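Work through these exercises with the model open. Each task is followed by a worked solution.

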Amino acid sequence: MPTYKIRGMDVEFPFQAYDCQLVYMEKVIQSLQSRCNALLESPTGTGKTLCLLCATLAWRKSLGGFSTGKSSRRGDMSSQSDSPKLPTIIYTSRTHSQLRQVIKELKRSHYRPKMVVLGSREQLCIHEEVSSLRGRAQTNACHSLCKKRQKRYCAHFPRVAEFMTNNPDLGEEPIDIEDLVNYGKTSGACPYYMSRDLHKVVDILFAPYNYLIDPGNRRSLNIEWNNAILIFDEAHNLESLCADAASFDLSSGLLTACISEAKNCVDLSVARRDKSNDTSCNPDNFAILKALLLKLEKRISEIDINSKEVGFTKPGPYIYELLADLNVTHKTSSMLIDIIEEAALLLEEDTSTTDRGGQNKTKGAVCRLESIGNILKLIFKDGGTSHANYYRVHVQDVQSTASESFGGKPSRTLSWWCFNPGIAMEEFSKLGVGSIILTSGTLSPMDSFAEELKLDFPIRLENPHVISESQIWAGVVPVGPSGYSFNSSYRSRDSPEYKLELGNAIVNFARIVPDGLLIFFPSYYLMDLLIGYWKNTNNPNSTNSTIWERICKHKLPVIEPRQASLFPTAIDDYMAKLKDTSCSGSIFFAVCRGKVSEGLDFADHAGRAVVVLGMPFATLTDPKVRLKREFLDEKALAVPLRTGSKLLTGEEWYSQQASRAINQAVGRVIRHRHDYGAIIFCDERFTYTNRQSQISVWIQPHIKCYSKFGDVVFTLTRFFRDGKSRKSTLLQNSHTEDHLSKNVKRQDNLKPMDKLFNSFLVPMGTTKDPTCSEPSTSLTESKTQNFSAQIRVIPPANRCRDYTSTMKYSSNPFQIENKNSAAAKRNLDNSEQMVVDLTEDGFQDEKQGKGIIASCSLKKTKLVKTEDDLCQRTNFQENQSSVSISAKHNPSTKQERSGNTEIMQSTRDAKKGNLQSRIHNNLGAVSSSAPADDEEKRGSTFLSQVKEALTDAEYNDFVGLMRALKSKAEKASHVLQSIAKLFSTPDRLPLLRRFKDYVPAKYQHLYERYLE
């Protein structure tokens, strides 16, 4: 298993890491070491989750060993066994299905921390009756059965302590929700309370978002929050989830149901008192609750709404004025909450009694009164009112349903909307957490994301993809087959020409694209409008068939349903139609922000192309959207211009929300390294630079704008025509990697930092060969090839980490469908472990006769013929990338390697000589001119001086900044500013000035400001 030294940490990774994976892991470790927050974007298929786990656990392991079962054998389950002060890692994702994938990735890693997955009673309860309940009713029933050992009690709860004592190693191997349930069913112990006991002593805790965002769930966790590490995976929807969690909507129907439950509580408590003289429940309390709710209902109905479209809006603090009329204040709210909890328990007990009597009408019902309690907790949280300034009160008339129409009463909804998602996140700062890491495949645009959460994210990353340029077709299609412009705005979407032109374009896409095709509409309204038109309109050139029928001739259609309950059926239908041999695949008509665009994996044949039919702007007349825009504009105008800071405006937020929805939709295709597909933007507005700048960074370089639809058809047809041979080549390379991983026992790995600094600090440069491809040569052949031959067999560094065909240890680790992945992993585990030191430079002394491969350049060499040519070069060198190779053969070599932490050898090291000379000697390569030698020496000397001038920590930062500049993971202005700060002390000013010689011409103006 390869081991990479990143920022001084030994990170064990189950496969050879790509460049983008190394950069990603470095950013994670930098965030943890610096105790600061990170915003990390990496496309699906780049191994983001595996990198995140390995980097985080490597950092945690460096602080102390993982917890074991020793403490539980002593009966100590209250703190971590090895050290109670070691930080706990809380890893969250949106759903349990996503967490299930994370656990699978953890199983693939070398790390085995003590862990557990938290779930609700709904997922973990194995009690026959309680497991069928939901919400507070289920919680109350569980509490009741666990503390009353009478005729009716839970037999599973008492067995938990014995099971945990007998199984102290539980959690030391990765376990999922299903594993806990199986343990419970086998042993009879309660899985829910097993997880609750185990979470107190784990190193890493996995849970859905709401366990951190919801204050009640957060308080239920027995965790030392100080210095804890919080990870939000798939965090692209985090801002909206935080805002929704801090908001509420109280409809007329819900309020009526709460009044009915309060009346039932009055009747039940009176009946108990009369029948059994039970005075535990005071009917007067429930009567007060009922009267208050009736008064609230009347108060809402009396609000004067002038415009049904606009509704009634007031600032957030108005909610306290509204409730004060009902005598609901901070003081009385706590009493009301207690009455509501008492009422919920009374209703649950009555439900249980009714069930035993043979009536199951209310079984599993949720107590509606709980929602009133939650609303009061939200409004009067922490005994303060300052948070209300980030809210708006809104009352609107809504369309009544049959169940909400009572005696002609108007159906109204009282809303208290939070427009500052940072309210939920600011709690973590108060708790003293160490770092908050937010990651996803689609976080762009990042500025608005960070601004919304009101957190400082000094570490940011927008990673490239691991695929090659030949695996993606991305284009803007501004016009249709007849030349009519595509624009889905309300001005043109209703025109027959637009509908017809778009339909004919989709007919062409359905004909060209093989297998699965995804079509994303901006809204359900537009999808219904267009599909209805296509079904009823004949093509002018073919009177016998409609546009819809022409689409169906090529692909079988599936339409995303509005109802969430029907969605699984639609997915099954789509996958079944993909297998139908009567057509060339299936076409899925879906909506941006819908279920299809959110977190589903359309890999390989399931999604060969995605078509976006416009900008998915939210409805401007939607009250929540309108008030959000107004809120942001007010905050932006309130900031004085003299401060120099600029807040997000409503229009910027509105536009960036649409862009994020597009990025989420197009991320459904190209899901792993060997996948390929097309991304088609059918709207002329995508030709605008400001629109393209908000598309995910990994897609932007591939986007081309086509002025003619015929060019789209030609290039797209050629792309998929080559797809079959492309797939065959990729699979052949994968099999070659498997074969080589079995036969190569002693491998040397490239040192990316050597390559990085050579490619950056030598002003002379060469161009990379875009036609590089992987070879199928043997180890012996690779050693005897000349320099030019070696260059041809090496793929570009920004494409993958597989620098030579003889440096393969496994097949693609991220392609789940690869049949050889398991075998490759076994071969990897059996092979000798590699250690790749990313903070080490210079060549190690290579022993003769050991068969170690000589290091080689990754880029094709371009000779500089004249000194004038040399002086005219202003860009950093993208090639001549030297790599140093070392292998972990025995302890002695490991010790020797650990002592060498420099990126490049000092020019004073006579034994190893000049770095550039060693490159040429090892390769037996092409000689360069004397001026080139001078430039190489200058770069080597400069690096040596940097090493001497900076501290170890600063030098590590310098290394990271150089890597970030090369990979374009951060903005050049940010990187250059950080480098200038490193050289800003008086004794380093010469370095500050000399570094300008290595800054590309296009960035010179950015760097010169730091020389003034």
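The exercises cover helix packing and then cavities.

The model is predicted: local features need pLDDT of at least 70, side-chain atom pairs count only at pLDDT 80 or more, and totals for chains, interfaces and linings use all residues. Residues are numbered from 1 along each chain as its sequence is written, and side-chain values use heavy atoms, with hydrogens and water left out.

**Exercise 1.** Describe how α1 packs on α2.

Step 1. Take α1 (residues 19-34) and α2 (residues 48-63). Helices are DSSP runs of H or I with at least four residues, strands are E runs of at least two, and both are numbered from the N terminus.

Step 2. The two axes come within 9 Å and cross at roughly 40°. Axes are lines fitted to C-alpha atoms, for helices over the stretch in contact, and angles run from 0 to 180 degrees between N-to-C directions.

Step 3. Classify the angle. Under 35 degrees counts as roughly parallel, over 145 as roughly antiparallel, 65 to 115 as roughly perpendicular and the rest as oblique. α1 and α2 are therefore oblique to each other.

Step 4. List the contact (heavy atoms within 4.5 Å). From α1 come Q21, Y24, M25, V28, I29, L32 and Q33, and they meet K48, C51, L52, C54, A55, T56 and W59 of α2.

Step 5. Sort that contact of α1 with α2 by class: 10 nonpolar, three polar and one charged residues. Ala, Val, Leu, Ile, Met, Phe, Trp, Tyr, Cys and Pro count as nonpolar, Asp, Glu, Lys and Arg as charged, and the others, Gly among them, as polar.

**Exercise 2.** Find the angle between α20 and α22, and the residues in contact.

Step 1. α20 (residues 496-512) and α22 (residues 547-554) pack at about 10°, with axes 8 Å apart. That makes α20 roughly parallel to α22.

Step 2. α20 contributes L500, G503, N504, I506, V507, A510 and R511 to the contact, and α22 contributes I547, R550, I551 and H554.

Step 3. The contact of α20 with α22 has six nonpolar, three polar and two charged residues.

**Exercise 3.** What lines the largest cavity?

Step 1. On a 1 Å grid over the protein atoms alone, a cavity is a set of points where a 1.4 Å probe fits but cannot get out; lining residues have an atom within 4 Å of a point.

Step 2. There are eight cavities of 30 Å³ or more. The largest holds about 150 Å³ of space.

Step 3. It has 17 lining residues, and L296, L323, I372, I375 and L376 are the closest to its centre.

Step 4. The lining of the largest cavity divides into 17 nonpolar, no polar and no charged residues.

Terms used. On a 1 Å grid over the protein atoms alone, a cavity is a set of points where a 1.4 Å probe fits but cannot get out, and a pocket is an open set with protein on both sides within 12 Å along at least five of seven lines; lining residues have an atom within 4 Å of a point. Grid points are joined across faces, edges and corners, and a volume is the space filled by probe spheres set on the points.
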